[in-house]
Amino acid sequence: MTQCPPAARRPLVLSRKVSALIAAALLLVAVPSASARRSTMHRHPRLHALAHTFVNVALPGAGLLPDDAEDVPLEGLQYELKLAHAQTGEMIDVVYRIGDTYIPEALTQLDLFLRDSHNQEVNAYDPRTFDLLHTMLAKLGRTNGVVDILSGYRSQETNDALRASGTTNAAEHSQHISAKAIDLRVLGVPAVLLRDAALSLGVGGVGYYPKSQFVHVDTGPVREWTFAPHIARRHSRRSHRG
């Protein structure tokens with residue numbers, strides 16, 4: 001084997017050293033870059049999850065109330081709600097709207113189901129409240145989900161009693177009194193996701209109760225609040241609670 005003279009080996013050794021330095025420099029640049037990418041991915045896991053959670057649906061236009069039951073269409077997009085009262089064991093599964101037409105009989109059933117549980121008083125709900133519920137579930141891909149009702153309609157008498165008790169966050173002019181509000185949970189869906197789905201619609205009031213894990217939604221003025229009883233005051237934006 002022919003040996004390479006020392007003088008000829010120097011450029012070769014120098015070249016290898018330069019190559020090694022360049023490789024090390026590239027490695028130092030690449031490692032932080034990958035680390036930064038990993039950090040970015042994990043910095044906002046909830047936002048990343050939400051981007052893949054919500055379905056692109058919008059609140060339907062206001063529906064019509066037919067003058068006669070025979071005017072209810074037989075075909076069209078069906079809007080179905082499954083509601084439950086966990087405390088009483090009552091459940092209802094009803095199609096309340098077909099296309100642009102509300103079904104009067106179904107609305108009557110929902111009004112009865114959402115009656116004041118303290119004195120059994122019934123009031124006619126704003127049908128847009130049901131559209132709001134249905135669209136929230138559709139946003140989450142849970143149109144077959146069961147909505148657990150914590151509070152529906154409240155008579156003025158019940159609302160005043162709740163306020164006097166000091167045990168709830170009942171507002172003086174609550175939308176519950178106007179039969180436009182519902183406090184709810186959905187099995188298997190974190191309350192924070194329900195809140196975000198409701199907020200994404202930009203309609204009515206949305207209250208978030210993280211300790212009790214439920215949300216309030218209504219078709220009143222647009223506003224938002226979070227209620228945490230362990231904090232001395234409630235953080236809110238845009239007007240008052242429902």
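Trainee: Is Thr135 buried or exposed?
Mentor: This is a predicted model, in which local features need pLDDT of at least 70, side-chain atom pairs count only at pLDDT 80 or more, and totals for chains, interfaces and linings use all residues. Residues are numbered from 1 along each chain as its sequence is written, and side-chain values use heavy atoms, with hydrogens and water left out. Buried means under 20% relative accessible area, exposed over 50%, and partly exposed in between (1.4 Å probe, protein chains only). Thr135 has a relative accessible area of 3%, so Thr135 is buried.

Trainee: In which helix is Thr135 placed?
Mentor: Helices (H or I, at least four residues) and strands (E, at least two) are DSSP runs, numbered from the N terminus. The place of Thr135 is in helix α4.

Trainee: Which residues does Thr135 touch, not counting those up to four places away in sequence?
Mentor: Contact means heavy atoms within 4.5 Å. With residues up to four places away in sequence left out, Thr135 touches Val57, Ala58, Leu59, Pro60 and Leu201.

Trainee: What share of the contacts with a separation of 6 or more comes from residues 24 or more positions apart?
Mentor: The protein has six helices and nine strands, and buried residues make up 38% of its 242 residues. Among contacts with a separation of 6 or more, the share from residues 24 or more positions apart is 58%.

Trainee: How many residues of α6 are buried?
Mentor: The buried residues in α6 are Ala191, Val192, Leu193, Leu194, Arg195, Asp196, Ala197 and Ala198. α6 is mostly covered, and of its nine residues the number buried is eight.

Trainee: What distance separates the C-alpha atoms of Gly202 and Leu59?
Mentor: Gly202 lies in the loop between α6 (191-199) and β6 (205-209). Its relative accessible area is 48%, so Gly202 is partly exposed. Gly202 and Leu59 are 143 residues apart along the chain, and their C-alpha atoms are separated by 9.5 Å.

Trainee: Why does the pair of Tyr79 and Tyr96 count as tilted?
Mentor: Rings of Phe, Tyr and Trp (its six-membered ring) pair if their centres lie within 6.5 Å; planes under 30 degrees apart count as stacked, over 60 as edge-to-face and the rest as tilted. By this rule there are six aromatic pairs. The centres of the Tyr79 and Tyr96 rings are 6.1 Å apart, and the pair is tilted because the angle between their planes is 55 degrees.

Trainee: How many residues apart are Tyr79 and Tyr96?
Mentor: Both residues are buried. Tyr79 is in strand β1 (residues 78-84) and Tyr96 is in strand β2 (residues 91-98), and the pair links distant parts of the chain, with a spacing in residues of 17.

Trainee: What angle lies between the planes of Tyr96 and Phe130?
Mentor: Tyr96 is in strand β2 and Phe130 in helix α4 (residues 127-139), 34 residues apart. Both are buried. Their rings form an edge-to-face pair, 5.9 Å centre to centre, with an angle between the planes of 65 degrees.

Trainee: Which residues do ring pairs link into a cluster?
Mentor: Tyr79 and Tyr96 form a pair, and so do Tyr96 and Phe130. The whole cluster linked by ring pairs is Tyr79, Tyr96, Tyr102, Tyr125 and Phe130.

Trainee: The charged end of which residue sits over the ring of Tyr79?
Mentor: A charge sits over a ring if NZ of Lys or CZ of Arg is within 6 Å of the ring centre and within 35 degrees of the ring normal. Arg195 lies over the face of Tyr208, 4.7 Å from the ring centre. Over the ring of Tyr79, 5.0 Å from its centre, sits the charged end of Arg97.

Trainee: Is Ala179 buried or exposed?
Mentor: Ala179 lies in the loop between α5 (156-165) and β5. Ala179 has a positive phi of about 55 degrees although it is not a glycine. Its relative accessibility is 0%, so Ala179 counts as buried.

Trainee: What is the relative accessibility of Gln120?
Mentor: Gln120 lies in the loop between α3 (104-113) and α4. Its phi is near 65 degrees, a positive value in a residue other than glycine. Gln120 counts as partly exposed because its relative accessibility is 44%.
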